[in-house]
Amino acid sequence: IGQLQHIGFIFRVVFLSHLLHPFCVLLYHLGCAVLVYHSNLAGDAFAEDWIRQIRADVPDAPILVTAGGLFHYFEESKVVGLLRMLTGFGEIEIVFDTVSKSGMAMMRKKYMKQVGHGDAQMFFYVDSASVLAGKIGSGVRVLAEEPYYRHITRTGLKLSTKVSMAVSDRFCMVKMVHLCHSAKFHDQTG
């Protein structure tokens, strides 16, 4: 299967009672439960320094990039630019959380105020991972686009929390996206 290089920008695995974080659940369901090498790097996520460093260490290994709670705060052009930049570094997969346009509105209106950041500027959302993949360019495929709470056990949660999770999943307001760039995809489309 080969080596898997994993880096996280703001990757938090938070275990609340018996709940698994959606990143872990999604990776498990995609058969990525075992990571050979894991690295967290400090620096500007939008600069090439970190990916160049990784490629210098493992020139031919597939790389899995996770970004949790990061992209919402940047303009679409900045996020698409980062994802395009990553496609220039070989076989890359990226898993990130995102919201839809309606999810963004709800996040701004309710959640950010609840956590004391009601003035936070938020821009990036994804209504369709396929449309996003098209904006990034050839060779990019959607491996998964799943409702955020799909695999989360609801046992022991308040009814209001269960309802919020169900509504979010039903209307795809919050989701996990898993994209892949591979030369074999590029050859098929290019």
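Q: Which word describes F71 at 1% relative accessibility, buried or exposed?
A: This is a predicted model, in which local features need pLDDT of at least 70, side-chain atom pairs count only at pLDDT 80 or more, and totals for chains, interfaces and linings use all residues. Accessibility is sorted with a 1.4 Å probe and protein chains only: under 20% relative accessible area is buried, over 50% is exposed, and anything in between is partly exposed. Because its relative accessibility is 1%, F71 counts as buried.

Q: How many aromatic pairs are there?
A: Rings of Phe, Tyr and Trp (for Trp, its six-membered ring) pair if their centres lie within 6.5 Å; planes under 30 degrees apart are called stacked, over 60 edge-to-face, and the rest tilted. By this rule, the number of aromatic pairs is 4.

Q: What kind of aromatic pair do F46 and F74 form, and how many residues apart are they?
A: With 4.6 Å from centre to centre and 55° between the planes, F46 and F74 form a tilted pair. Helices (H or I, at least four residues) and strands (E, at least two) are DSSP runs numbered from the N terminus. F46 is in the loop between β2 (37-39) and α2 (49-57), and F74 is in the loop between β3 (63-67) and α3 (76-87), so that the pair links distant parts of the chain, 28 residues apart.

Q: Why is the pair of F71 and F96 edge-to-face?
A: The centres of the two rings lie 5.2 Å apart, and the pair is edge-to-face because the planes of F71 and F96 stand at 65°.

Q: Where does F96 lie?
A: F96 is buried, with a relative accessible area of 0%, and F71, F96 and F124 form one aromatic cluster. F71 belongs to the loop between β3 and α3, whereas F96, 25 residues apart from it, lies in strand β4 (residues 92-99).

Q: Which residues cover the two faces of β4?
A: In a regular strand the side chains alternate between the two faces of the sheet. In β4, 8 of its 8 residues are buried. On one side these are I92, I94, F96 and T98, and on the other E93, V95, D97 and V99.

Q: Which residue in β6 is the bridge partner of D97?
A: Strands pair if DSSP finds at least two bridges between them. β3 and β4 run parallel and are joined by 5 bridges, whereas 8 bridges join β4 to strand β6 (residues 174-181), and these two run antiparallel. In β6, the bridge partner of D97 is M176.

Q: Which elements do the buried residues of α3 pack against?
A: In α3, the buried residues are V79, V80, L82, L83, M85 and L86. Contact means heavy atoms within 4.5 Å, and the buried residues of α3 pack against α2, β4, α5 (129-136) and β6.

Q: Which residues is S182 in contact with, leaving aside its neighbours within four places in sequence?
A: S182 has its place in the loop between β6 and α7 (183-189), and its relative accessible area of 6% makes S182 buried. Beyond those sequence neighbours, S182 is in contact with E91 and G139.

Notes:
Residues are numbered from 1 along each chain as its sequence is written. Side-chain values use heavy atoms; hydrogens and water are left out.
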